Amino acid sequence: AKFEPEDRIQFSFSLKDGSRTIPYLLVGRILRSEPLDKKPGEYENRVQFTTIDTESRENIIKYIFEEQRKIRKRTLN
């Protein structure tokens, strides 16, 4: 969906952490919303979390780093 900068949104998602799945319900502020070149009607939205506890932030950062490592490993092989 297209949003305007400064729009406030509430969103939910889940991330896997080993054998468990952790649900998140967060509030954020839209920083940027840009249409995707190869997917008409779809947008890339950049969000700043405005309501997030330290544990959730650390778990999300850990997940992102792990996914980046997996991607790098695949591209090197």
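Predicted model: local features only at pLDDT ≥ 70, side-chain atom pairs only at ≥ 80, totals over all residues.
Colleague: Why is Glu-6 called partly exposed?

Modeller: Glu-6 has a relative accessible area of 47%. Buried means under 20%, exposed means over 50%, and partly exposed is what lies in between (1.4 Å probe, protein chains only). At 47%, Glu-6 therefore lands in the in-between class. Residues are numbered from 1 along each chain as its sequence is written, and side-chain values use heavy atoms, with hydrogens and water left out.

Colleague: What makes the phi of Glu-6 worth a mention?

Modeller: Phi of Glu-6 is near 80°, a positive value in a residue other than glycine. Most residues other than glycine have a negative phi. Glu-6 sits in the segment before E1.

Colleague: What makes the contact between Arg-29 and Glu-6 a salt bridge?

Modeller: The N to O distance between their side chains is 2.8 Å. A salt bridge needs a side-chain nitrogen of Lys or Arg within 4 Å of a carboxyl oxygen of Asp or Glu, so the Arg-29 and Glu-6 pair qualifies. The pair links distant parts of the chain, with Arg-29 in strand E2, Glu-6 in the segment before E1, and 23 residues from one to the other. Helices (H or I, at least four residues) and strands (E, at least two) are DSSP runs, numbered from the N terminus.

Colleague: Is Arg-29 buried or exposed, and how do you know?

Modeller: Buried: Arg-29 has a relative accessible area of 17%, which is below the 20% limit.

Colleague: How many salt bridges are there in the structure?

Modeller: Six. One of them joins Arg-32 and Glu-34, with the closest N and O atoms 3.4 Å apart. Both partners are partly exposed, Arg-32 at 39% and Glu-34 at 40%. Glu-67 and Lys-70 also meet in a salt bridge, at 3.1 Å from N to O. Those two lie in helix H1, three residues apart, about one turn of the helix. Salt bridges that share partners also join Asp-17, Arg-20 and Lys-62 into one network.

Colleague: How do you know that E1 and E2 pair, and in which sense?

Modeller: Two strands pair if DSSP finds at least two bridges between them. E1 and strand E2 (residues 20-35) have 10 bridges, in the antiparallel sense. Among the bridge partners, Arg-8 goes with Arg-29 in E2. The hairpin of E1 and E2 has two residues between the strands, and Gly-18 takes a positive phi near 70° there.

Colleague: Why does Ile-9 count as buried?

Modeller: Ile-9, in strand E1 (residues 8-17), has 16% relative accessibility, which is under 20%, so buried it is. Leaving out residues up to four places away in sequence, Ile-9 touches Phe-3, Leu-26, Val-27, Gly-28, Ile-30 and Val-47, where contact means heavy atoms within 4.5 Å. The C-alpha atoms of Ile-9 and Gly-28 are separated by 5.4 Å, although the two are 19 residues apart along the chain.

Colleague: Why is the pair of Phe-11 and Phe-13 called stacked?

Modeller: There are three aromatic pairs in the whole structure. In this one, the ring centres are 6.0 Å apart and the planes are at 15°. Rings of Phe, Tyr and Trp (its six-membered ring) pair if their centres lie within 6.5 Å; planes under 30 degrees apart count as stacked, over 60 as edge-to-face and the rest as tilted. Phe-11 and Phe-13 pass both tests, so the pair is stacked.

Colleague: What about Phe-11 and Phe-49?

Modeller: Stacked too, at 5.9 Å centre to centre with 25° between the planes. Phe-11 lies in strand E1 and Phe-49 in strand E3 (residues 43-51), so the pair ties together parts that are 38 residues apart in sequence. Phe-11, Phe-13, Tyr-24 and Phe-49 form one aromatic cluster.

Colleague: What makes Ile-61, Ile-64 and Phe-65 a patch?

Modeller: Patches are made of residues with over 30% relative accessible area and no salt bridge; like charges are joined within 9 Å, nonpolar side chains (Val, Leu, Ile, Met, Phe, Trp, Tyr) within 5 Å. Together the three have about 270 Å² of accessible area, from the Shrake-Rupley method with a 1.4 Å probe, where for residues only the protein chains shown count as cover.
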